[in-house]
Amino acid sequence: MEHYQDIREAVAKLCARFPGEYWRALDRDMAYPREFVEALTEAGWLSILIPEEYGGSGLPLSAAAAVLEEIQRAGCNGGACHAQMYTMGTLLRHGSAAQKQRYLPKIATGELRLQAFGVTEPTSGTDTGALKTTARLDGDHFVVKGQKIWTSRAEHSDLMLLLARTTPLTTGMKKTDGLSVLIVDMDEALGNGLTIRPIRTMMNHATTEVFFDDLRVPAENLIGEEGKGFRYILSGMNAERILIASECVGDAKWFIDKASAYAKERHVFGRAIGQNQGIQFPIARAYANMRAAELMVREALALYEAGKNPGAEANMAKMLAADASNEAANVCIQTHGGFGFAEEYDVERKFRETRLYQVAPISTNLILSFLSEHVLGLPRSY
Ligand SMILES: Cc1cc2nc3c(=O)[nH]c(=O)nc-3n(C[C@H](O)[C@H](O)[C@H](O)COP(=O)(O)OP(=O)(O)OC[C@H]3O[C@@H](n4cnc5c(N)ncnc54)[C@H](O)[C@@H]3O)c2cc1C
């Protein structure tokens, strides 16, 4: 498989313009890394999955994985913009020719940002089929009512992909049926039925809760067929899992490099702390786990690009890579002793940032549950 060394080097070079100080300042104010996202957009990195006919580079998923891995590896945070890579897939695969022509070229140039993805709700959580937001057809508009939570980047996005119930749930109906995907124009919607409220979180992630109060969305903004939205979202999950896993591999590499460098340079009791096996072994173990996760990411990518359905591999890659980055983060703090907690080393910031991937976009338990049921044939637990 192509490793995209040239892309990796170019992304690393761009990221070098956004060092730790940049991220620390944003972190203090919980501000959005606008300049960073603009630089990535201008360089074309956020549109590499968009086909050439719509102004993108038309590269395969492994190229996008290389971009996101390098962003994290450089100490930056792709969480500010990674969703565009996978939400765009729903539009590309299931949107009409007119919708693709209307949105994709502008997404490719950065004129339109498709960063917001409204699926999770406060009361349904992981149980997506139980979501309560409704979109009722009224003439040539859908009228949307309800609430989403954890809608990241909603304040920094021009468009949102929204999953809402268009057919009321009745007995005997599969609860994942009757859901539809709509494209919401955020500028038009704000103040006209859409309210966004930021949520302060342990890391700077620009996440929000959004409220729909009879928001009118043109019926032409429906993606694909009404009622099939859950399937469309599901069809993008493998790509999402693989890309997040690549980010986690990048994070793990950053932590391991940082811990190794510090272990060589910090002297206590008259010698480098890295001379002690108690310091070496956890870093070496974190490295081995990162490499194993990286292999699973590659396996998932290879299957994905061969047109197979790598549901199991994409989920395993996400879980193993999130575990590897979480472990490497912990080892990195431990190696730094007290300095691991000081802002200026960036370790505590990255530690907080990578912790998210144990929970979002899918939590580890749900991955284990998927493997238990769909790979091992164990009884369904929920
Ligand atoms: C910073 C951040 C950004 C996010 N961005 C977005 C976004 O842009 N768009 C969006 O739609 N969502 C987003 N999410 C939501 C995210 O996908 C969910 O938080 C995640 O899927 C878990 O759902 P939940 O929080 O409702 O947890 P719950 O579903 O309430 O689960 C709570 C805990 O119980 C466990 N659990 C639940 N059911 C079972 C079971 N049957 N067996 C075993 N364990 C179980 C879960 O694994 C979890 O650990 C974001 C979340 C965060 C924190």
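## Where the ligand sits

Which domains does the shell around the ligand draw at least three residues from? Domain 2 (116-228) and domain 3 (236-375) each provide at least three, with domain bounds taken from an automatic or database domain assignment. Please keep in mind that this is a predicted model, in which local features need pLDDT of at least 70, side-chain atom pairs count only at pLDDT 80 or more, and totals for chains, interfaces and linings use all residues. Residues are numbered from 1 along each chain as its sequence is written.

The assignment also gives domain 1 (5-109). Between the C-alpha centres of domain 2 and domain 3 there are 32 Å.

## The shell around the ligand

The ligand is surrounded by 23 residues, and the closest are Val 119, Gly 125, Thr 126, Trp 150 and Ser 363; a residue is near a molecule if its C-beta atom, placed from the backbone, lies within 6 Å of it. By class, the shell holds 10 nonpolar, 13 polar and no charged residues. Here Ala, Val, Leu, Ile, Met, Phe, Trp, Tyr, Cys and Pro count as nonpolar, Asp, Glu, Lys and Arg as charged, and the others, Gly among them, as polar.

At least two shell residues come from each of β1 (116-118) and α13 (364-375), and the largest share, three residues, belongs to α13. Helices (H or I, at least four residues) and strands (E, at least two) are DSSP runs, numbered from the N terminus.

Let's turn to helix packing. Helix α1 (residues 5-15) packs on helix α4 (residues 61-73) at about 35°, with the axes 9 Å apart. Axes are lines fitted to C-alpha atoms, for helices over the stretch in contact, and angles run from 0 to 180 degrees between N-to-C directions. Ile 7, Arg 8, Val 11, Ala 12 and Cys 15 of α1 meet Ala 63, Ala 66, Val 67, Glu 70 and Ile 71 of α4, where contact means C-beta atoms, placed from the backbone, within 7 Å. This contact has eight nonpolar, two charged and no polar residues.

Helix α5 (residues 83-94) and helix α6 (residues 97-109) pack at about 150°, their axes 10 Å apart. The two are therefore roughly antiparallel, a label for angles over 145 degrees. Their crossing is left-handed. Met 88, Leu 91 and Leu 92 in α5 meet Gln 99, Lys 100, Tyr 103, Leu 104 and Ile 107 in α6, giving six nonpolar residues, one polar and one charged.

## The α11 and α12 pair

In helix α11 (residues 311-336) and helix α12 (residues 347-355), the axes come within 9 Å and cross at roughly 160°. That makes the α11 and α12 pair roughly antiparallel, and α11 passes α12 in a left-handed crossing. From α11, Ser 325, Asn 326, Ala 329, Cys 332, Ile 333 and His 336 meet Val 347, Lys 350, Phe 351, Thr 354 and Arg 355 of α12. Their classes are five nonpolar, four polar and two charged.

## Backbone details

Most residues other than glycine have a negative phi, and most peptide bonds are trans. Two places here are worth a look. Ala 360 and Pro 361 are joined by a cis peptide bond, with omega about -10°, and Pro 361 is found in the loop between α12 and α13. Arg 153, although not a glycine, has a positive phi of about 60°; Arg 153 lies in the loop between β3 (141-149) and β4 (159-165).

Note on methods:
Parallel < 35°, antiparallel > 145°, perpendicular 65-115°, else oblique. Left-handed = near helix turned anticlockwise from the far one by under 90°. Contact = placed C-beta atoms within 7 Å.
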